[in-house]
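Here are a few notes to go with your first look through this one. Have the sequence and the 3D view open as you read.

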Amino acid sequence: MNLYLRFFNEEVLVENADQAIDFLSQIPDVKLDEALCQDLKRYAEGNNPYPKRFKISSKVYFIVIKTTATNMEEFKAYAAEAGTAERSVEDAPEPQASASADENPGWYQAWIKFKRVLPVPGTNKFRYEDTEFEVKLKAHGVQDCYNRVIDHLRTRSDVDTRCQFPSIRGRNFKADFLGMN
């Protein structure tokens with residue numbers, strides 16, 4: 001398994017962690033320490049197939065990706081194909097998003113997952129927790145259904161005003177039409 005490393009505009013495809021460390025040591029902005037080198041070696045030798053970001057300083061990272069590509073052209077060609085496939089899936093309109101503007105009065109089963117602000121007991125701190133809410137309601141369409149659910153949640157005394165609600169177009173909101181009666 002080869003390793004692809006990228007630090008801003010600097011990139012390389014290497015065969016092992018030692019070559020990766022050699023590459024990074026040639027970049028003046030990268031300060032390598034023993035812990036970072038050991039972490040890179042563990043990642044390279046481990047079974048984790050996912051890319052990993054390594055922290056250089058507070059807001060600076062480099063990325064390492066495991067790949068079976070043998071040269072940079074092969075790696076770039078594979079990345080371009082994967083990017084094209086992802087874009088075509090992302091560009092397809094979601095049924096919920098396209099139906100949100102349609103007027104279709106009746107009963108809806110609505111489900112939403114939002115980030116709820118909850119106090120941490122014994123401290124003055126708060127935390128966000130995923131909270132699901134499901135309801136049957138009468139609405140004029142998906143957009144109206146969404147607006148009514150959000151308005152209801154915002155007016156509840158047990159829901160903090162700092163809660164974060166998802167977009168109607170996101171995967172954390174769903175409304176199914178149940179019928180007219």
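**Notes on the model**

1. Let's start with a cysteine: C145 is buried, with a relative accessible area of 0%. Keep in mind that this is a predicted model. C37 is buried too, at a relative accessible area of 13%. As for disulfides, the count comes to zero.

2. Now for helix α2, residues 34-45. Which residues of α2 are buried? They are L36, C37, L40 and Y43. These cover an arc of only 125 degrees around the axis, which puts them on the same side of α2.

3. That buried side packs against β1 (2-7), α1 (17-25), β3 (52-57) and β4 (60-67). On the face turned away from it, you'll find the exposed residues E34, A35, R42 and E45.

4. There are seven aromatic pairs. In one of them, the rings of Y43 and F54 have centres 6.1 Å apart and planes at 80 degrees, so the pair is edge-to-face. Y43 lies in helix α2 and F54 in strand β3, so the pair ties together parts 11 residues apart in sequence. Both Y43 and F54 are buried, and together with F62 they form one aromatic cluster.

5. Two arginines are worth a look as well. The charged end of R53 sits over the ring of Y61, 4.0 Å from its centre. Likewise, the charged end of R162 sits over the ring of F126, at 4.2 Å from the ring centre.

Technical notes: Residues numbered from 1 in each chain as written. Predicted model: local features only at pLDDT ≥ 70, side-chain atom pairs only at ≥ 80, totals over all residues. Heavy atoms only, no water. Buried < 20%, exposed > 50% of the residue type's maximum accessible area, 1.4 Å probe, protein only. Helix = DSSP H or I, 4+ residues; strand = E, 2+ residues; numbered from the N terminus. Arc of directions from axis to C-beta. Contact = heavy atoms within 4.5 Å. Disulfide = S-S within 2.5 Å. Phe/Tyr/Trp six-rings, centres within 6.5 Å; stacked < 30°, edge-to-face > 60°. Lys NZ or Arg CZ within 6 Å of the ring centre and 35° of its normal.
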